[in-house]
Amino acid sequence: MGDPNENGWRFFDELYDQTPHKPTERANIIAYIPTWRNKEGFDYGKGEMYQYITHGIIAFLTFSEKDSGAFDPASVREIGTILPDVLMAASVYGTKTMIALGGANDYAFLDLMTAIGNDPASPKLDQTVRNVVDYVTHNGLDGVDLDLECWWGRPGSQDQGGRLKSDGPHPAGRGLTLFAKKLKEALPGKIVSAAVFGTSWYGNNYDPDMAEHLDWLGVMSYDLTGSWDKSPVGPHSALHKIRGKDTAKIRDADVYLESYLREQQGGWPGARAGTPLASGDDALENNPILSVEDCLWYWTNPLFMNWQGKGQGVDRGKIAAGVPVYGYDFAAAKEPDDLTGEVPPGYKVLRYREILDEFPDAVEAENANIKVEGSTPRPKLAEPLPPGEYPYAHNIYFETPDTAVTKLKFLKGVGAKGVIIWELSNDVWEDGKSIIKALYLASGNPVPEASPITNPPVPVAYSYLWDSTGFLGHASDLLQFQDDGTKDNGMRQFSARLWNIPDDADWKSVAHNCPAVIKRQYFNRPTRIVDKGALGLWGEFDVLDDGDVPDWFWGHVEEKGGAPDGYTRYASRLWGLSLSDDWQQAAKQTPALIAGQYFDEPTEIEDKGVGGLWGIFDVSNELSPIPAFTTVARGDNDCMYCQVDTLPSLDGLDNVERFNLTNTMAIGEGAPFLYSVIRKDDGSVDFPEGVVMTIKDPGGNTYEEDVEEDGKLVKMSGDSIRYLIIKDPQAGDWTMSMSVSRDAKFRCECNTVPSADVYDTMLETRRKLDAAQGLAPRDLGKTGATALAGVATIAFLAPELLPLLALGTFIFGVGLSASKLIADNLADTSQNMAAYSRVLSQLEKSLKEEGPAALDHYVWLIGKNVSGPEVYVALKNPTKIIRWAGVHVEVLQLVQHMTDPEMQNSIRHVYWQCLLKKRLGEEFAMAMGEAHERGRPGSDADNKADEKNNEIGLRLADEVKTDKECKTRVFEMWEARELAIRPDYEGDPT
């Protein structure tokens, strides 16, 4: 080929590209999920985000500086706080969830990989692989992403950039390949991927052979400007290569490097230290604005060549290129890093959502660039800029939905795997503005509907051990759980220390996932957790003492040999036996929970005579799931649902008589109300037998007696709360504890009212709760009614409290009395509330979006579509008024934007009659249909078409099961010309 600097082809290497490929049909849409946004209240459980990505990668799990190959404990804890929400929301849409190792600040990862690269036989490799495999497996993740980034080294150390290809990969790059190979072998069926820098400056540190062991290689084709002090000003993730004007004689372009001269901070900045100068002091050529195309050719084009040598030659089908959901403002310097607090080099980073906040029309910005004229002092960078003023107040280069989709189409066309996105929390989710949503819709993947989770993620009990053996083996009694006696609350307290907690684990988080069994009572976690410092972490368990259950207790647990393969054997003596007891039967009736696994009876029983009766417990080395008796869902606007129902199948728990379920609810600052209620599960409001609930606030105050004061109401039933309402609840961790007999039939809710968008937020949060329980998505009416079941129960029990409840602002703001909402039964009451809320929610939205003019739509709805005879029919059926109004709102939402009057008229009548019959019965639907035609008569053609479509709607109601199916069938029938139309159009549709 000759010298690429002389023969000219290097300017247009893509024209010579002969890499075999075929266009990609379905591109991967891979988004990183940052852990640190938790501090700003980011909702990691928002389902819509996961609907529009194929893979979500939680970033980052970092390595320990003190214990090479182990994970940093703070990182493990931080991920643990968001992982349940991410896994649950992603599962609803079938989105794969992974963990990213490393990141831009993980120097320990660089040190670890360097050590492995220099000594491939080091035991550190296998130890680290095992740590990763355990983490991925135990947390139910779909794979791992390797992000070895910090090649610049720790502050004060030498930058590892600029490596020549002829020198081979950096030792850490070789180590990373060994790591990837071992991980792929150890994680069959799981995903292993990596993220790498886009250009040769740092890219030559990686070993291209790594790609053979990866599902994809994420090329970070962003930060190509802006991320270092001597960066040129210009787009940081341009799609196409930007060349100098001297190439115009070969091929014209819309933009050249020289096009950006005016906006530089002084002259064009020189090349980085260590870069050989290609053409003397030509700064444009020595420090160009690089592009996605440059990155792609470096990583995949066999003809690539630059001063560092050849490219990487990776199969293009393995490449996922970068899409940034952020931009750079070249009129300002960077702000302190989110994780380290240090001010990094380069220019100010703006999240995409921040750009839209300041510039709402940014999505339409030409060339994805916003320039605001105005003289501004030059930013203060570590490598100082020339003195003087910058002619812009803002000069922002960023990504828009259009530029992102153009990039994706290009990548699909050249056979790339897809895109990696940095990062999920930066986006907005409005149609037309969301970058990620636009990418997904252009990816070729079907948009997934929320689906029932047939195997919802469940907590896992780790192999930690409760035992009352204390410091240096001392114990105050002989039992696994020492008997502390009866306390002031009338409960009998037992306690034990938690053993075998890894150094990198958060002790209290571990304890929250460690169940126990004491005196035939199951605890999903301790009633209280007490940190005794050097004496360890102890759990206290309040046992409701039942005289019918014998005082048989297992003693201290000892590990012993003789276990079958894949198991660990433990032994414990059974105490409390008398000479009159059948010892063998006693052992078979005394359940145990050993090292996270439940035993209804011992694996074996060994009678040692005077040495006592011993139970042998063979504990599987595989982790055991914890029964998920309690379900929690968090939504927007500080909304939360916590629900416990009649206990599911208790097969295998035959010897457990009572279940003690404790759950912590993190109440946000903005929640206006906390409410809780218990009722039977038969649809009545009666209090169930065998259930006791207590609630404790963040200050440690327990609600256990009737309270009636401003902003606070508690009603008890015996020792249990029956219902509770707290206005402006204290922010923090509230604890709900329940003690439930195994045969109790009940439903308990403990929820918060959202601070805004009340009905819609409650509906969406309820959908999350349904998904967490593995329930199929329900139609809007049923979900709404279920979301408000707790409110309806309290309203049914105490109508005078309705103004305090979730819908008080809605209902009493328009003068509707409680008596009109509360029907003859609980189901109709909650459905009435849901239907009325939907009407008012629609009106509220319209007023926010359109102002007072929106009322015209509702005058039109009531005055034009609803006639006097229809109102008369409604007044004769007062318990049906709310649901009747709800039907009208749904019909309006369906047809209000239709421009074809024939289509609008036909579909409206069919859908209206179908919903009326399904919800309110055929007699009511027919009466309304007849009243409508009497009150709004039209031409003969009008009347005949309307009557025919009413008949079709009534028949359709018998054929469909859900509102959604009804809507789908109506449109199908319209397309098939099965609906009646007016032969001649005579005025507006009626």
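What is the volume of the largest cavity? In this predicted model, the largest cavity has a volume of about 120 Å³.

**First stop: the cavity**

Applied to the whole structure, the search returns 5 cavities of 30 Å³ or more. To find the largest cavity, select Val517, Ile518, Lys519, Phe553 and Trp554, the residues of its lining that lie nearest its centre. The complete lining comprises 15 residues. By class, 11 of these are nonpolar, 2 are polar and 2 are charged.

Next, display the strands around this space. Select β19 (516-518), β23 (553-554) and β26 (592-594); each of them supplies at least two residues of the lining of the largest cavity.

**Second stop: the open sheet**

Now turn to an open sheet of 7 strands, and trace the order β31-β32-β41-β34-β39-β38-β37. The pairing in this sheet is antiparallel. Select β31 (630-634) and β37 (707-709) to see the edges: each has a single partner strand, so one side of each is left without a neighbour in the sheet. On average, neighbouring strands of the sheet are turned by 10° against each other, direction ignored.

Strands of a sheet pair through backbone hydrogen bonds. For an individual bridge, select Val632 together with Cys642, its bridge partner in β32.

Technical notes. Residues are numbered from 1 along each chain as its sequence is written. This is a predicted model: local features need pLDDT of at least 70, side-chain atom pairs count only at pLDDT 80 or more; totals for chains, interfaces and linings use all residues. Side-chain values use heavy atoms; hydrogens and water are left out. On a 1 Å grid over the protein atoms alone, a cavity is a set of points where a 1.4 Å probe fits but cannot get out, and a pocket is an open set with protein on both sides within 12 Å along at least five of seven lines; lining residues have an atom within 4 Å of a point. Grid points are joined across faces, edges and corners, and a volume is the space filled by probe spheres set on the points. Helices (H or I, at least four residues) and strands (E, at least two) are DSSP runs, numbered from the N terminus. Ala, Val, Leu, Ile, Met, Phe, Trp, Tyr, Cys and Pro count as nonpolar, Asp, Glu, Lys and Arg as charged, and the others, Gly among them, as polar. Two strands pair if DSSP finds at least two bridges between them. Axes are lines fitted to C-alpha atoms, for helices over the stretch in contact, and angles run from 0 to 180 degrees between N-to-C directions.
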